[in-house]
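Let's take a friendly walk through this structure together. Please keep the sequence and the 3D view at hand as you read.

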Amino acid sequence: MTHPEQVVLLDDNGSAIGVADKVAVHTTDTALHLAFSCHVYNESGQVLVTRRALSKQTWPGVWTNSFCGHPAPDEDIASAIARRAADELGIVVTGLEVILPDFRYRAVDASGIVENEVCPVYRAFTTSVVAPNPAEVAEFAWVDPASLATAAAAAPYAFSPWLGWQLAQLG
Ligand SMILES: [Mn+2]
């Protein structure tokens, strides 16, 4: 890396208005910025859930969707998704499809750090063996999508807030 990872800042209409260092932007008063979530499926129709590494600054140890990320300035979302799939999980994803194009959320971690993102949600497919990066992912599981939706609705505190909201919107 020649410079710190950067994110794209957005105005309230979702238009890009600048860039910021990823670490510097995530505070107790985080400015709105661009991200994505990806839900990865396997050949059996199971969806991949991951448990965030205990070393992560926000939502450590929390179960969430397959992976998330922030597109860099001038990086298209498909490239960002491929990059994070490789970096976090060691997988190649195919069949990328946007399933919640307008998803946006703001959430406060137990530590007080805020996430505040326009975060389109994608579905993708993999045949790769998952090889998680321990700096990002503590553990993972392939689960039945209907069971996940039931679990998240019944016990939302056991999952990342954005996953609960995404599953609710997906019905
Ligand atoms: Mn963010």
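## A strand and its partners

How many of the residues of strand β5 (residues 47-52) are buried? In this predicted model, 5 of the 6 residues in β5 are buried, leaving the strand mostly covered.

Two pairings involve β5. With strand β12 (residues 137-143), β5 forms 6 bridges in the antiparallel sense, and here Leu48 has Trp142 as its bridge partner.

## The nonpolar core

Which residues have the most contacts inside the largest nonpolar core? They are Phe36, Cys38 and Ile81, in a core of 34 residues. At least two core residues come from each of β1 (6-10), β4, β5, β7 (67-69), α2, β11, α3 and α4. Helix α4 gives the most, with 4 residues.

Leaving aside residues up to four places away in sequence, Cys38 touches Asn65, Ser66, Phe67, Ile81, Tyr122 and Ala124. One of these contacts, Ile81, is also among the residues with the most contacts inside the core.

## Helix α4 and its cover

Next, have a look at helix α4, which spans residues 161-170. Its buried residues are Trp162, Leu163, Gly164, Trp165, Gln166 and Leu167. As a reminder, residues three or four places apart in an α-helix point the same way, because there are 3.6 residues a turn.

What covers the buried residues of α4? The cover includes the strands β4 (36-41), β6 (63-64), β8 (94-100), β9 (104-108) and β11 (121-125), along with helix α3 (145-154). Following α4 comes Gly171, with a positive phi near 70°.

## An annotated glutamate

Finally, turn to Glu88, which an unreviewed UniProt entry annotates as "binding site". This residue is found in helix α2 (residues 77-89).

Is Glu88 buried or exposed? Glu88 counts as buried because 23 other C-beta atoms lie within 10 Å, and the cut-off for a buried residue is 20 or more. Not counting residues up to four places away in sequence, Glu88 touches Phe67, Pro132, Asn133, Glu136 and Val137. Phe67 is also on the list of contacts of Cys38, and Val137 falls in strand β12 (residues 137-143).

Methods. Residues numbered from 1 in each chain as written. Predicted model: local features only at pLDDT ≥ 70, side-chain atom pairs only at ≥ 80, totals over all residues. UniProt positions renumbered as here; feature names shortened; annotations may be inferred. Buried ≥ 20, exposed ≤ 12 C-beta atoms within 10 Å, placed from the backbone. Contact = placed C-beta atoms within 7 Å. Pairing = 2+ DSSP bridges. Core = buried A, V, L, I, M, F, W, Y, C linked by C-beta atoms within 7 Å.
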